[in-house]
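The entries below follow the order in which I looked things up.

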Amino acid sequence: MLKAPDSDVVLKTEITIVLNSLAKGLPDYAAALVQAGLLPVLWEQLELCGGMSSNRVFTQMVLCCLRSVYLQGCAPPPPTWNHKLLTTLIQYGYSPPKNQECVANILASACRQQQLVDSGGGNLVACMLCSPYSTVQLPALHCLAALCWNNERVSSVIVNIRYGGKAIPDLVVTLMARDRPFEMQLAAAASLTYLHRSNAIPADDPKIMYKTLQCLVRLCRRDCSVWIRVEAATILSYLTEVDMELQKTASMTDHLIVLMTYYLKYQVETPNYTDSPPFFSPFSTRKYNNPNQWPELMKEAALKVYASLSANDEDIRKKVIETEGLMNILLCSISNGNSSVQLAAVRCLHSLSRSVQTLRTTFQDHTVWKPLLNVLKTSSCEELISVASSTLCNLLLEFSPSKENILDQGGIEFLCGLTRRPHPGLRLNAVWALMNMAFQAEHRVKASILHNLGTDQIFRLLSDSDVNILMKTLGLLRNLLSTKTHIDQIMQGHGKEIMQAIILILEGEHSPDVKEQALCILANIADGDVAKSAIMSNEDVLKKLMNYMVMPNVKLQIAATFCISNLIWSVEIGAYERQAKLREMEVDKILESLLNTTDHNLFDKFDRNFGYIYNGHSKFYMEHKH
């Protein structure tokens, strides 16, 4: 009936009113309308309306119906916006207020970030933020949050748009004032958080450090609704996730660490079944219509805050770890919690695992490795496995008492299997963990890694498109090839394949950092008693070393010189023969030329008759990207 060309505007308006009423019912009703093909018809009618004054009521009802459908969260955004249609929709957003409210909600729900900004959507949002009506301002903030989420390009444009002489961030700050409704303060804080995380506003900007952060902490208090507190804590954890100064400031603001303990202990007493967001929120997919789930939502939010606060600072970690009952809650959440709580708990453990003291004491006392290893072996969630394997990397550092336990429980076999997973993050974590496991390890551990990983898989990892995986694989080889007896034993069994891998790297199109790692492995091999022959018998490798000694890259020169130094060290058997062969190749002339280097690091490494023998052990501390 809507599409019929002979239907007049009055009839179409009445039909749209009925459809709008249906869309406002249960989400299933709106989903049924979408499945029946309602959205294309409404968009078509909106285009046909144009700007004719006789169609204004009908146009408003079409916008209302679109808004009602999208607010139910059951309709996908258009795969692409027709530019004319999007421009028309934006024009309707400037007036009257009812249209503005509908358009803002539609754009927030069906946002195509770059396309919307290119069509002038950012200017419309700025105009709406200055509306005297909160019903317009609030969805405008939702639209702004959707625009800026994880999009640096769009955020860099948004941050410079001005309306009434003020830039958008300054307009948003006014909507975080204490006299504004809690949901508006929250939406404003979310928008500025996403602008900051998209690198449009620096962390030390007062709008972030003293406005946004303070607002979010304030909304975590017990006088706010459950959904406000959960969303505020979740956004706060995202705001403070990477910046150390924000973490320090947040930890000292309004007793936040203590405040989160109330989240962990939360129990539903007199549930208010209307205590849920009265609007679509683009920064949340959580549902609050079941009060029995609120304790889990509160716990998840608190653990996320703890994870972010303790990511970088040891003093904050100490305060968090001293939270009464926290470790029991973490372990229980990992073993029995739902997937979201599990993930938050593992993230919190991951941040705490960056503390040497915690690894040696609290984690050992609570046998953290057990539930963590169980999650890794049983979970099908890649994100959870990724964070858990990142945590495992720290538990496998040489000073962690958990290392032996993980070895005994088949940690090597599991990690070697993880290197074969298609997700690059999992492969990286697995190789990283194996590298930590091999550091200063016994020969049986190294032999087990080589046996379970296999040389074929090592070659695959060295050919990985992710340079981080390549670097960690080279780091693993460096750690395997350390200690004279281990070097000789490993090279006797796998020397041919290892030399092929090193040559593959040295001849490939790789960065100096990658090639430096390969040269350091050669230097380790040159430190073995028997393994030296693998280099000395390969004239092509010796020539490559000579070439790297004269390259205009000091790091490569140093690494190549280390290798030569280990080969000619005079106190070892066969040194005279090796020195004679290298003299025949005129290596001594290259060394004499290097004595005139102006680089102190290079000079110091081989002065005093190459007195420093480089073993190249690759020690990896806690300050890695995990």
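I began with D254, which at 32% relative accessibility counts as partly exposed, a class that lies between buried (under 20% relative accessible area) and exposed (over 50%), with a 1.4 Å probe and protein chains only. The model is predicted, so I noted that local features need pLDDT of at least 70 and side-chain atom pairs count only at pLDDT 80 or more, while totals for chains, interfaces and linings use all residues. Residues are numbered from 1 along each chain as its sequence is written, and side-chain values use heavy atoms, with hydrogens and water left out.

**Entry: D254 and its partner.** I looked up the salt bridge between the side chains of D254 and R221 and found 2.9 Å from N to O; the term requires a side-chain nitrogen of Lys or Arg within 4 Å of a carboxyl oxygen of Asp or Glu. D254 sits in the loop between α15 (244-251) and α16 (256-264), and R221 in the loop between α13 (206-218) and α14 (226-239), so the pair ties together parts that are 33 residues apart in sequence. Helices here are DSSP runs of H or I with at least four residues, strands are runs of E with at least two, and both are numbered from the N terminus. R221 is also partly exposed, with a relative accessible area of 32%.

**Entry: other salt bridges.** How many salt bridges does the structure hold? I noted 22. In the one between K318 and E322, the closest N and O atoms are 2.7 Å apart; K318 is partly exposed at 49% relative accessibility, whereas E322 counts as exposed at 52%. D464 and R427 form another, with their closest N and O atoms 2.9 Å apart. This pair links distant parts of the chain, since D464 is in the loop between α29 (455-462) and α30 (467-480) and R427 is in helix α27 (residues 424-438), 37 residues apart. Are D464 and R427 buried or exposed? I recorded both as buried. I also found R67, K98 and E101 linked in a network of salt bridges.

**Entry: α3 against α5.** I then turned to helix α3 (residues 38-49) and helix α5 (residues 83-92), whose axes come within 10 Å and cross at roughly 70 degrees. The axes are lines fitted to C-alpha atoms over the stretch in contact, and the angles run from 0 to 180 degrees between N-to-C directions. On the α3 side I listed W43, L46, E47 and C49, and on the α5 side K84, L85, T88, L89 and Y92, contact meaning heavy atoms within 4.5 Å. By class, this contact has six nonpolar, one polar and two charged residues.

**Entry: T483.** I found T483 in the loop between α30 and α31 (484-507), and it is partly exposed at 40% relative accessibility. From T483 to S533 I noted 50 residues in sequence and 17 Å in space, C-alpha to C-alpha.

**Entry: the whole chain.** I recorded 38 helices and two strands. The C-alpha atoms fill a box of roughly 105 × 50 × 45 Å along the principal axes, and buried residues make up 57% of the 626 residues. Among contacts between residues at least 6 apart in sequence, 71% join residues at least 24 apart.

Key. Ala, Val, Leu, Ile, Met, Phe, Trp, Tyr, Cys and Pro count as nonpolar, Asp, Glu, Lys and Arg as charged, and the others, Gly among them, as polar.
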